[in-house]
Amino acid sequence: MRSFTYQALPMRVRFGAGAVRALPEEVAALGLSRVLVLCSPEQEETGRMVAGALGERSVGVLAEARMHVPVEVAGHARDVARELGADGCVAVGGGSAVGLGKAIALEHGLPVIAVPTTYAGSEMTPVWGLTEGGEKRTGRDVRVLPRSVVYDPELTLTLPAGLSATSGMNAIAHAVEGLYAPDATPIVSLMAEEGARALAGALPRVVADGTDLDARAEAQYGAWLCGAVLAATTMSLHHKLCHALGGTLDLPHAPTHTVVLPHALGFNQPAAPTAVAALSRALGGVADPARELWALAGRLGAPRSLRELGMARDDVPRIAAAAVASPYANPRPVTREGVEALLEAAWAGEPPPPPA
């Protein structure tokens, strides 16, 4: 047993079908009386439902959250919150809405309550991200960590099969990287393995029947654990590549994670035997977790190539250059040649190579 340091983050979670009905209690418990509801345009109906449930405690709905949190959107949201005299935000939706809430918290210190409707996991982390001029900047600040998270699987019942699949694969990526992170700990590794197991088992059931509330709850449980893993560990090559692809090429967030994950894991597997063993258990005893995740994406009908997400093959060198120029901590040395080969396979939709 090696030495480690583990620090739990201050987080309150309310979980279960119908939990959103307790949202007024969560707002009151934080002493808030003028909260701004944040969501994407696609989630405006749900956002207004939440605002209606909050009654006089809500000062309005801002349905402007966008993928990768462009700085201009974040700036406008901060202005609106200030003009309305908001003393907190309720972020309803996926990573875009939660990310917008974090941007307001970063600038003005307003507490955020998260009501996830996807499996993104951003609600569990103090990680923020902003995109400006084609570059995505990320950081960690405990001020942006949501004070309370309300997980209600009933709110995910309308999440389409395709979005459910990619959102869930995005969450699994958090667990995968947490297992080989340099600051991994026994507790976090347990959460990562269990989160990956729950999602890998639930997602095929969710895609087969979107009204299966038990499967939805299991997937949300897995996403919660995977998000907590991301909050507690250092991101590696997978997230670096996805940040570069999203910030530079504006590729869709969750589908990009879905495509890159098997290839980034395949690249790192030779240098991460403990992580491979944990993922093997989580995925049903498979010998090659990277290929299994690629196969799982196929069974879910999820995208498996960067080409189908709109990336041109000519973009491979500059994305590889960005990854190598300022690499995140990674179990295997990150080389230009290795990353270009990884991206070529991900662009083409090929399976990751078998372990050497």
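Burial is defined by relative accessible area: buried means under 20%, exposed over 50%, and partly exposed in between, with a 1.4 Å probe and protein chains only. The areas come from the Shrake-Rupley method, and for residues only the protein chains shown count as cover. The model is predicted: local features need pLDDT of at least 70, side-chain atom pairs count only at pLDDT 80 or more, and totals for chains, interfaces and linings use all residues. Residues are numbered from 1 along each chain as its sequence is written, and side-chain values use heavy atoms, leaving out hydrogens and water.

Cysteines were examined for disulfides, defined as pairs of cysteine sulfur atoms within 2.5 Å. The search of the whole structure returned zero disulfides. Cys-89 is buried, at 0% relative accessible area. Its closest cysteine sulfur belongs to Cys-39 and lies 12 Å away, too far for a bond. Cys-242 is in no disulfide either, with the nearest cysteine sulfur, that of Cys-226, at 15 Å. Cys-242 is also buried, with a relative accessible area of 5%.

Secondary structure follows DSSP runs, numbered from the N terminus: helices are H or I runs of at least four residues, and strands are E runs of at least two. Helix H2 spans residues 44-54, and its buried residues are Gly-47, Val-50, Ala-51 and Leu-54. Seen down the axis of H2, these residues fall within an arc of 100°, so they line one face of the helix. The arc is taken over the directions from the helix axis to the C-beta atoms. Glu-45 and Gly-52 are exposed on the other side of H2. The buried residues pack against helix H1 (23-29) and strands S2 (35-38), S3 (58-62) and S4 (88-93). Contact here means heavy atoms within 4.5 Å. Gly-55 follows H2 and has a positive phi, near 60°.

Salt bridges require a side-chain nitrogen of Lys or Arg within 4 Å of a carboxyl oxygen of Asp or Glu. The whole structure contains 15 salt bridges. In one of them, Glu-26 pairs with Arg-14, and the closest N and O atoms are 2.8 Å apart. Glu-26 lies in helix H1 and Arg-14 in strand S1 (residues 12-15), so the pair ties together parts that are 12 residues apart in sequence. Glu-26 is buried at 2% relative accessibility, whereas Arg-14 is partly exposed at 23%. Both residues belong to a salt-bridge network that also includes Arg-12 and Glu-25.

Glu-218 and Arg-197 form another salt bridge, with closest N and O atoms 3.1 Å apart. This pair links distant parts of the chain, 21 residues apart: Glu-218 is in helix H7 (residues 213-232) and Arg-197 in helix H6. Glu-218 is partly exposed at 25% relative accessibility, and Arg-197 is partly exposed at 35%.

Arg-313 and Glu-344 meet in a salt bridge at 2.9 Å, N to O. Arg-313 sits in the loop between helix H11 (289-299) and helix H12 (316-325), and Glu-344 in helix H13 (residues 336-348), so the pair ties together parts that are 31 residues apart in sequence. Arg-313 is partly exposed at 47%, as is Glu-344 at 28%.

Patches are made of residues with over 30% relative accessible area and no salt bridge; like charges are joined within 9 Å, and nonpolar side chains (Val, Leu, Ile, Met, Phe, Trp, Tyr) within 5 Å. Phe-4, Tyr-6, Ile-187 and Leu-190 make a nonpolar surface patch of about 390 Å². Leu-190 belongs to helix H6 (residues 186-208) and is exposed, at 57% relative accessible area.

How values were computed: Areas by Shrake-Rupley, 256 points an atom, 1.4 Å probe, with all protein chains shown as cover.
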